[in-house]
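Here's a quick briefing to read with the structure open beside you. Take a look at the rings first, then at one of the helices, and finish with the chain as a whole.

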Amino acid sequence: MTTNVRAAHRTSRRRRTPAQWYLLVSGVFVTLWGISGFFVNSSFTSGVHAVHAPGNHGLILGVFATNGWHNVVALALGSIALLLHGSSAAKGHATGLGAGYLAFTASTMMAGHFLLAGNLANDIVHVLLAVTGIGAAIVTRTSRAQ
């Protein structure tokens, strides 16, 4: 029985689509990022000037700006990605998440960071998450059995 379970697990792992892999990997990454952010800074300030005032944001790994709002959003998005990674509709979810990251990054680059602390390093990570999500969705075949 144990051998059959292991074989089934290996088979299911091989059948993951690129979109499912994106949701799994990005979900783990973003969730851990959100958790680690609370150790750096957990203030819930708002407004462009308040977010960037000393003490109202911290730097993860000394580079990536974060605050309580950023951490909560990261936990929410990471959790959603993890919940949906096994879904047969992973292609649509990866597209939506990637498009969301892209829209968020474009808006913060134009209007500034109002609630979520951020900087250029954060924007680069968000663009990478957007491009890989949309790319994974593009290369995922819709006819593939889940």
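Searching the whole structure, which is a predicted model, turns up 3 aromatic pairs.

**Aromatic rings**

- A pair of aromatic rings is described by the distance of the centres and the angle of the planes.
- For phenylalanine 44 and tryptophan 69, the ring centres sit 5.0 Å apart and the planes meet at 90°, so this pair is edge-to-face. The cut-off for that label is an angle over 60 degrees.
- Where are the two partners? Phenylalanine 44 is in the loop between helix H2 (18-40) and helix H3 (48-51), while tryptophan 69 belongs to helix H4 (residues 68-84), so their pairing ties together parts 25 residues apart in sequence.
- Elsewhere, one aromatic cluster is formed by Phe29, Trp33 and Phe64.

**A look at helix H4**

- How does the span of H4 fit what you'd expect? With 17 residues at 1.5 Å a residue, H4 should span 24 Å, and its end C-alpha atoms are 24 Å apart, which agrees.
- At the start of H4, asparagine 67 uses a side-chain oxygen to reach within 3.2 Å of the backbone nitrogen of tryptophan 69.
- Which residues of H4 are buried? They are Gly68, His70, Asn71, Ala74, Gly78 and Ala81. These residues cover an arc of only 160° around the axis, which puts them on the same side of H4.
- What do the buried residues of H4 pack against? Their partners are H2, strand E2 (64-66), helix H5 (90-111) and helix H6 (120-139).

**The whole chain**

- The protein chain has 6 helices and 2 strands, and along the sequence they follow the pattern α-α-α-β-β-α-α-α.
- Of the 146 residues in the protein chain, 37% are buried.
- Take the contacts between residues at least 6 apart in sequence: 77% of them join residues at least 24 apart.

Note on methods. Residues are numbered from 1 along each chain as its sequence is written. This is a predicted model: local features need pLDDT of at least 70, side-chain atom pairs count only at pLDDT 80 or more; totals for chains, interfaces and linings use all residues. Side-chain values use heavy atoms; hydrogens and water are left out. Rings of Phe, Tyr and Trp (its six-membered ring) pair if their centres lie within 6.5 Å; planes under 30 degrees apart count as stacked, over 60 as edge-to-face and the rest as tilted. Helices (H or I, at least four residues) and strands (E, at least two) are DSSP runs, numbered from the N terminus. The expected span of a helix is 1.5 Å times one less than its number of residues. Buried means under 20% relative accessible area, exposed over 50%, partly exposed in between (1.4 Å probe, protein chains only). The arc is that of the directions from the helix axis to the C-beta atoms. Contact means heavy atoms within 4.5 Å. A polar contact is a pair of N or O atoms within 3.5 Å; within protein, one must be able to donate a hydrogen and the other to accept it, and residues adjacent in sequence count only if both atoms are side-chain atoms.
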